[in-house]
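I opened this model to look up its inner space, its core and a few helices. My entries follow.

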Amino acid sequence: MPNYSLLVSQQEWKAQQGTHLNRLPPLHWADPFSLSLYNLFILPYVLIKSLIRSFQILKSFKPDIVIGTGGFVSFPIRLAAGLRGIKLTIQEHNSVPGIANRVLSLFAYKVFVAFNSTVDCFWQKSKCVVCGNPVRLSLRQYASKAVGRRHFFSNAVVGKGDGKVVLILGGSLGANALNVAILHLYSEMLNERKDLFLIWQTGVLAFDEMESLVKFHPQLYIAPFLHWMDLAYAAADLIVSRAGAMTCSEILAAGKPCILIPSPNVAEGHQFHNACLMADLAGSRVIAEDELDSDS
């Protein structure tokens, strides 16, 4: 088995400390081209500090290849690899690449992209390979709708399986605006429609609050995180979700209709671009977060 080492953010380091994890000084850039005090004075210092640490890691570990998926966390190690002549590959899972991947593509050996349209965003198109995004293998096993529904609801509730199931995904950390809208709407929806069922992933941070405010209902399954996503996708007739790149790819793989509410807080508008592409490819409905309320 080949040796590997992972570079992670501060939050991931705290949650997943292990022998294969390395940590770099945190590097943040909301807009690296703005003339802010942070960009003029702090960012260069932190970048140099991260580069020095990156060179130390590369010298110690001696990798044959460095693989990066984008973002400011992995920028220093990938830049250091490019400067040292180590083979660098980039996995761009969003429909439109961010600044980090655009710049580092100049040092890359190959750039793997998820969509054909993404190739046009890079300066050196010959480096690009359209390969899609990896999705969990369990999605390829095609669990039946009946099996999926029985996992989340009792047989007495789902009956013969004629009802409709809506899967609500706010990401692992949750989406406050989406959670609040569902909180105000779920009771009325379920009481009016006895054939409607909700699988609601609130996110870890919001679960305790949402659970304390939600009244028990046999047609509602609420959880902080869904460990059996293949069964959740199988059970669903409609998916309401954020527009993260991997989630969009899994929705495409599952072949389910969806309503996407892209997060306005994600850097460089990645989720908005992903949602627009999903609208073109799969006819997904896109709702902006500021349009979201209990009447939506």
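**Cavity**

I sorted the lining of the largest cavity by class and got 5 nonpolar, 3 polar and no charged residues. Here Ala, Val, Leu, Ile, Met, Phe, Trp, Tyr, Cys and Pro count as nonpolar, Asp, Glu, Lys and Arg as charged, and the others, Gly among them, as polar. The model is predicted: local features need pLDDT of at least 70, side-chain atom pairs count only at pLDDT 80 or more, and totals for chains, interfaces and linings use all residues. Residues are numbered from 1 along each chain as its sequence is written, and side-chain values use heavy atoms, with hydrogens and water left out.

I used a 1 Å grid over the protein atoms alone; a cavity is a set of points where a 1.4 Å probe fits but cannot get out, and lining residues have an atom within 4 Å of a point. Points are joined across faces, edges and corners, and the volume is the space filled by probe spheres set on them. I found 1 cavity of 30 Å³ or more. The largest holds about 40 Å³. Its lining is His-93, Ser-95, Phe-115, Ala-245, Cys-248, Asn-274, Leu-277 and Met-278. H11 gives the most, with 3 residues. Helices (H or I, at least four residues) and strands (E, at least two) are DSSP runs, numbered from the N terminus.

Buried means under 20% relative accessible area, exposed over 50%, partly exposed in between (1.4 Å probe, protein chains only). This core has 25 residues, and Ile-239 is among those that touch the most other members. H9 gives the most to this core, with 5 residues. Leaving out residues up to four places away in sequence, I listed the contacts of Ile-239 (heavy atoms within 4.5 Å); they include Leu-167, Tyr-233 and Ile-251.

**Helices and a loop**

In H5 (residues 145–152), I found Gly-148, Arg-149 and Phe-152 buried. Seen down the axis of H5, they fall within an arc of 95°, so they line one face of the helix. The arc is that of the directions from the helix axis to the C-beta atoms.

H3 (residues 75–84) is mostly covered, with 8 of its 10 residues buried. Just after H3, Gly-85 takes a positive phi of about 80°.

Gly-255 sits in the loop between H10 and S11. Is Gly-255 buried or exposed? Gly-255 is exposed, at 59% relative accessible area.

How values were computed:
1 Å grid on protein atoms, 1.4 Å probe; cavity = no way out; pocket = protein on both sides within 12 Å on 5 of 7 lines; lining within 4 Å. Core = buried A, V, L, I, M, F, W, Y, C linked by side-chain atoms within 4.5 Å.
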